[in-house]
Amino acid sequence: MRKLVTCFMGLVLILAACTNNDKDDKPQTSSSQKFPNRTIEIIAPASPGGGWDATARAIQKIMQDEKLTDQNITVVNKPGGGGEVGWQYLSERQPTSIAINSSLLLSNHELGLSDLRHQDFTPIAILATEWISLSASNQSHLSSAKEVMEKLKADPKSLTIGVAPGLGNNDHLAFVQAAKAYGVDVKNLDFLVYKSGGDLETALLGGHVDIASTAVSEVKTQHQAGKLKVLATTSDQRVKGLEDVPTWKEQGLNMVFPHWRGVMGPKNMTKEERAYWNDTMKKVVQSKQWETIRKNKNWDAFYKDSYESEKFLNEQQKKYEQLIQDAGF
């Protein structure tokens, strides 16, 4: 009897062990398989109709059309403070929320306009870039970027320089970087600030400013029509449609200055959540739809994944800190 009981108990232990082994061998459902587990929110830190909003809605449409998630996707507009309101909102959201960002995230902090830093978020991707131009009104009779800088070097007040919508943005800082490299006293330059790119374009066409630093897309058509003259671009090679305009690099200045747009999420994303967004944004920028949207808006390809973006933002932060000091803020 004792032998029978012993055999029975042994059989029970073997079966239990097998059951546990079977349980261990079964694939476990990971958090990456569960994520995203709620409605996805794409935050445009601006009103409907602008560049940030257009970027958010492009991502929404591509994610839906390419079936990159089973969840609903909404675009939420949070305008105010040069992106500050939207980014503050993102900082309190779940990892299913992401927001469009740009260099204003860096310059706002350096100018003392925001306590937020790029380290307060999870970088997901740099999506694309615009390039910045130096343009001259026809009334100024300026023919080259070198001529502009020589004039300003001799007298920083000799030309009026238009920017929009405020000092400290990419357009302003790109000009500061170029001028400083030429030995211009940048703290005494005569900048005139306009409310919008449209207002600045009107002022340039009317000769109310001599030169302007602005996005290529805002002056490209007028240059092609001969109504103003683009003298330089901050790109690494000549811009399509402006093949007659040399880059700063071609004019002896080792300068490339992107006006990029990217995507970021809340700070403490898990490895799996970050991997999901990294993979998703890579698929977005590889889609035919994104290529069409990018070309229609005169954006150049400038994709960087989550980890490349983190390195890029660290480098850009140092650059902006120095430029804002150079500008005399």
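**Exercise 1. State which residue follows helix H8 and give its phi.**

Solution. Helix H8 is followed by Gly207, with a positive phi near 75°. Helices are DSSP runs of H or I with at least four residues, strands are runs of E with at least two, and both are numbered from the N terminus. The model is predicted, with local features needing pLDDT of at least 70, side-chain atom pairs counting only at pLDDT 80 or more, and totals for chains, interfaces and linings using all residues. Residues are numbered from 1 along each chain as its sequence is written, and side-chain values use heavy atoms, leaving out hydrogens and water.

**Exercise 2. Find the buried residues of H8 and what they pack against.**

Solution. Step one: in H8 (residues 197-205), Leu200, Ala203 and Leu204 are buried (under 20% relative accessible area, 1.4 Å probe, protein chains only). Step two: viewed down the helix axis, these buried residues fall within an arc of 100°, so they line one face of H8; the arc is that of the directions from the axis to the C-beta atoms. Step three: they pack against strands S4 (122-137), S5 (160-163), S7 (211-215) and S8 (228-233).

**Exercise 3. Describe the burial of helix H7 and the residue after the helix.**

Solution. H7 covers residues 170-181. Nine of its 12 residues are buried, among them Leu173, Phe175 and Val176. After H7 comes Gly183, whose phi is positive, near 85°.

**Exercise 4. Characterise the largest cavity and the largest pocket.**

Solution. On a 1 Å grid over the protein atoms alone, a cavity is a set of points where a 1.4 Å probe fits but cannot get out; a pocket is an open set with protein on both sides within 12 Å along at least five of seven lines; lining residues have an atom within 4 Å of a point. The largest cavity has a volume of about 50 Å³. Its lining includes Ala174, Phe175 and Ala178, and S4 and H7 each supply at least two lining residues. The largest pocket has a volume of about 860 Å³. Of its 37 lining residues, Leu104, Ala164, Pro165, His259 and Arg261 lie nearest its centre. H3 gives the most to this lining, with four residues.

**Exercise 5. Locate the lowest mean pLDDT among the elements.**

Solution. The pLDDT is the predictor's confidence in each residue, from 0 to 100. Over residues 1-32 the pLDDT is below 50. Where pLDDT is low, the predicted coordinates should not be read in detail.

How values were computed
The expected span of a helix is 1.5 Å times one less than its number of residues. Buried means under 20% relative accessible area, exposed over 50%, partly exposed in between (1.4 Å probe, protein chains only). Contact means heavy atoms within 4.5 Å. Grid points are joined across faces, edges and corners, and a volume is the space filled by probe spheres set on the points.
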